[in-house]
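Subject: Structure handover

Hi,

Here is the structure you asked for. Please open it alongside this note; what I found follows below.

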Amino acid sequence: MVDGKINEIHGWAATKSGIQVEPWSYKPRPLGPNDVEIKIDYSGICGSDLHTIKCEWGQANFPAIVGHEIVGKVITKGESVTTLNEGDLVGVGAQVFACLKDDCKECSRDLDPHCPHMVFTYNSFYADGQQAQGGYAEAVRVDANYAIKIPAAIDPVYAAPLMCAGTTVFAPMLRKGVKKGDRVGIVGIGGLGHLAIQYAHALGAKVTAFSHSPTKKQQATELGASVFVDTSNKEELDAVRGSLDYLFITANARSNQYNEFVTWMDYEGEIVLLALPEGQLSFSPFELVNSEVKITGSLIGGKNIIKETLEFAAKHNIRPIIERYPMAKVNEALEHMDQGKARYRIVLENATSSL
């Protein structure tokens, strides 16, 4: 470390397609005037991490340090940064840069994840050609606009999954104006779904949770669901047909299930994809026309939505259910996640370092 800046960042990188990572170091891009450097304390494991290193969403740019649910403390900052100070506890989500210019069609509409110049936290490139590297590491260097202060009411280890998973489910609820009395369905009670239930419930919605695992009924109810539907039970499915205003798909549903989803909706209801099914969606246009149901999707939340996600979680005591692993056991954690055994998010913890 020289003048408070790290010369080389040590982390765990995937070097080929698979679920194994190995120790690897890289020289970070120069600290810009609007950048901060963060010593990472916690890094959540997201399903996107696995999809990326397994090349399920296309060829990854190896070596790749993944991880975009980052929490840690600012250890140095650029000369133009006025909103953060050394020692501040911050989080970083799935994005580390956007132009944020007033004349940017996307940024000016609070859609900075769609900015033409946006940079994802990993497997993405800055304008200078340097690859962004993520949170399975000791530190990270990002634009200060995307280092979001963590509310004091939230334990940092629980804040990590809110940076991506929490934001992913809350963003479309905010944009679409989910409110008290709305009838909201959540498909899947997993890493995204268990948070979606909590956020929708805190907004005052009547929440119906859908799962093929009847053993999750008690937990779904404790999280805020008013109704639990076992999707293998025809009678329970028949009872909810035509009953929903919104349906958030948080699990990898089969592409041919969407005709069934449409039947759960009231007229002019809206189905929102938060998980990506394999292949093409399959549904009858007649069903859409007849029901006037809309099918849409949602990417991630921009910097302002991340702030709202954290503030809302602090106010309403929304927390992820997590399993904790030391960073040194990241491969064990990835295998656990890949096998579908995580309940429901995994958070990697860095050992105390000299940074």
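Arg 29 is buried, at a relative accessible area of 19%. The cut-off for buried is under 20%. The model is predicted, so please read every value here as computed from a prediction. The side chain of Arg 29 meets that of Asp 35 in a salt bridge, 3.3 Å from N to O. Asp 35 is buried as well, with 7% relative accessibility.

Salt bridges

The search of the whole structure gives 15 salt bridges. Two of them involve Lys 54. One partner is Glu 56, with the closest N and O atoms 3.3 Å apart. The other is Asp 338, at 2.8 Å from N to O. Asp 338 sits in helix H10, while Lys 54 is in the loop between H1 and E4, so this pair ties together parts that are 284 residues apart in sequence. Asp 338 is partly exposed, with a relative accessible area of 32%. Lys 54 is also partly exposed, at 24% relative accessibility. Glu 56 falls in that class too, with 41%.

Two domains

Domain 1 covers 9-164 + 321-349, and domain 2 covers 166-297. Their centres, taken over C-alpha atoms, are 28 Å apart.

How many residues meet where the domains touch? Nine from domain 1 are in contact with 15 from domain 2. About 1,000 Å² is buried between domain 1 and domain 2, and 53% of that area is on carbon and sulfur atoms. On the side of domain 1 that touches domain 2, eight residues are nonpolar, none is polar and one is charged. The number of salt bridges between the two domains is zero. Polar contacts are another matter: eight residue pairs make them across the interface, with both residues at pLDDT 80 or more.

Helix H3

Helix H3 runs over residues 165-176 and is mostly covered, with nine of its 12 residues buried. Which ones are they? The buried residues of H3 are Ala 165, Gly 166, Thr 167, Thr 168, Val 169, Phe 170, Ala 171, Pro 172 and Met 173. Among the strands are E12 (183-187), E15 (244-249), E16 (265-273) and E19 (345-349). The helices include H4 (193-202) and H9 (303-316). After H3 comes Gly 177, with a positive phi near 75 degrees.

Backbone points to check

Two cis peptide bonds deserve a look on screen. One runs from Phe 62 to Pro 63, with omega near -5 degrees. Pro 63 is in the loop between helix H1 (47-53) and strand E4 (70-77). The other joins Arg 343 and Tyr 344, where omega is about -10 degrees. Tyr 344 lies in the loop between helix H10 (330-338) and E19.

Next, positive phi at residues other than glycine. Cys 55 has phi near 60 degrees. Cys 55 is in the loop between H1 and E4, and that loop also holds Pro 63 and Lys 54. Asn 317 has a positive phi of about 55 degrees and is not a glycine. Asn 317 is in the loop between H9 and strand E18 (322-326). Is Asn 317 buried or exposed? Asn 317 is exposed, with a relative accessible area of 56%.

A buried serine

Ser 211 belongs to strand E13, residues 206-211. At 6% relative accessibility, Ser 211 is buried. What is in contact with Ser 211, leaving aside neighbours within four places in sequence? The answer is Ile 189, Lys 216, Phe 228, Val 229, Asp 230 and Thr 231.

If you have time for one view, start with the Asp 338 and Lys 54 pair, which links helix H10 to the loop between H1 and E4. Then turn to H3 and the elements that cover its buried residues.

Best wishes

Terms used
Residues numbered from 1 in each chain as written. Predicted model: local features only at pLDDT ≥ 70, side-chain atom pairs only at ≥ 80, totals over all residues. Heavy atoms only, no water. Buried < 20%, exposed > 50% of the residue type's maximum accessible area, 1.4 Å probe, protein only. Helix = DSSP H or I, 4+ residues; strand = E, 2+ residues; numbered from the N terminus. Contact = heavy atoms within 4.5 Å. Domains from an automatic or database assignment. Buried area = accessible area lost by both parts, 1.4 Å probe. Salt bridge = Lys/Arg side-chain N within 4 Å of Asp/Glu carboxyl O. Polar contact = N/O pair within 3.5 Å; in protein donor to acceptor, adjacent residues only side chain to side chain. Nonpolar A, V, L, I, M, F, W, Y, C, P; charged D, E, K, R; others polar.
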